[in-house]
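Subject: Structure handover

Hello,

Here is the structure I promised to pass on. Please open it alongside this note and follow along.

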Amino acid sequence: MKKSKILITVLCAVLIITASVLGTLAYLASQATVVNTFTVGKVDITLDEAKVKTDGTLDGTDRVKENTYHLVPGQTYIKDPTLTVKAKSEDSYVRMLLTVNCADAFDKIYAPNKADLTTIFNEYNAGNWVFEVVTRENDTLTYEFRYKEIVAKSDTDTVLDALFESITIPGTFDSNDMASITDLKITVIGHAIQATGFANEDAAWIAFEHQING
């Protein structure tokens, strides 16, 4: 009888050990995970010019979005539209549109030729800002200038060269000419669009126009 109890006890111990080993083998497992992190890109620009007095001379060192001028024939006025591509912006195409109203009046002043107002811009930076086209809508002329190359992504702001440095009202303008441009307004608009995903710059600006104008 004692032998039987001993045998049973041993068998139970064997069974328990065996069950323990088999249980360990049954739960061998492994897991691997791939985590994809996405960040959102951006394109961000600013446009400003030197702050000036109404006579076109500097008024401190501030940069502003708007100036007011008192026009006199033969006078030169500081105006240096400068575009900055902000830090972390994606590789971008950049351009400036310069609009000038009073187109009809300028045509009469410059007759028999059509008005070419690029002639009043001093130190126009043609090496960096390429003149593309001038268009006319009603009484407004729009000049398009594109930056010479893609502006590469940078950890710091990229300040581009000014489009030009000043404007000069021709000394040949008489009182009648000046009266005809009393409401003269010169507006500079900066545009930027990502370079990635477009076959060329023309395709990028076509897409830009569709997005802006709907």
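Below is what was found, taken region by region.

One caution before the details: this is a predicted model.

The largest pocket

Start with the pocket. The largest one has a volume of about 590 Å³. Its lining counts 21 residues. Nearest the centre lie Asn67, Tyr69, Lys79, Lys185 and Ile186.

Lysine 185

Lysine 185 deserves a look of its own. It sits in the loop between α3 (175-180) and β11. Is lysine 185 buried or exposed? Its relative accessibility is 56%, so it counts as exposed. Setting aside neighbours within four places in sequence, lysine 185 is in contact with Thr99, Val100 and Asn101. Threonine 140 is 45 residues away from lysine 185 along the chain, yet their C-alpha atoms are separated by 9.7 Å.

The four-stranded sheet

β1 also belongs to an open sheet of four strands. The order is β2-β1-β4-β9, and the pairing is antiparallel. The edges are β2 (58-64) and β9 (158-159). Each of these has a single partner strand, so one side of each has no neighbour in the sheet. Further in, β1 pairs with β4 (residues 82-85) over four bridges, in the antiparallel sense. To find this pairing on screen, go to aspartate 48: its bridge partner in β4 is threonine 82.

β8 and its partners

Now turn to β8 (residues 140-147). Seven of its eight residues are buried, so β8 is largely enclosed by the rest of the structure. β8 pairs with β5 in the antiparallel sense over six bridges. There, threonine 99 stands opposite threonine 142 of β8. β7 also runs antiparallel to β8, joined to it by eight bridges. In that pairing, valine 133 stands opposite glutamate 144. β7 and β8 form a hairpin, with two residues between them. Asparagine 138, in the turn, has a positive phi of about 55°.

Helix α2

Which residues of helix α2 (residues 103-110) are buried? They are Ala103, Ala105, Phe106, Asp107 and Ile109. Their cover includes β5 (92-100), β7, β8 and α3.

Aromatic pairs

The structure holds nine aromatic pairs. One of them is tyrosine 69 with tyrosine 77. The ring centres are 5.7 Å apart and the planes stand at 85°, so this pair is edge-to-face. Tyrosine 77 is buried, with a relative accessible area of 0%. Tyr69 has been named already, among the residues nearest the centre of the largest pocket.

Phenylalanine 131 and tyrosine 143 make a tilted pair. The centres are 6.2 Å apart, with 45° between the planes. This pair links distant parts of the chain, with phenylalanine 131 in β7 (residues 129-137) and tyrosine 143 in β8, 12 residues apart. Phenylalanine 131 is partly exposed, at a relative accessible area of 36%. Tyrosine 143 counts as buried, at 2% relative accessibility. Both belong to one aromatic cluster, formed by Tyr124, Phe131, Tyr143 and Phe145.

Best wishes

Technical notes:
Residues numbered from 1 in each chain as written. Predicted model: local features only at pLDDT ≥ 70, side-chain atom pairs only at ≥ 80, totals over all residues. Heavy atoms only, no water. 1 Å grid on protein atoms, 1.4 Å probe; cavity = no way out; pocket = protein on both sides within 12 Å on 5 of 7 lines; lining within 4 Å. Points joined across faces, edges and corners; volume = space filled by probe spheres on them. Pairing = 2+ DSSP bridges. Buried < 20%, exposed > 50% of the residue type's maximum accessible area, 1.4 Å probe, protein only. Contact = heavy atoms within 4.5 Å. Phe/Tyr/Trp six-rings, centres within 6.5 Å; stacked < 30°, edge-to-face > 60°.
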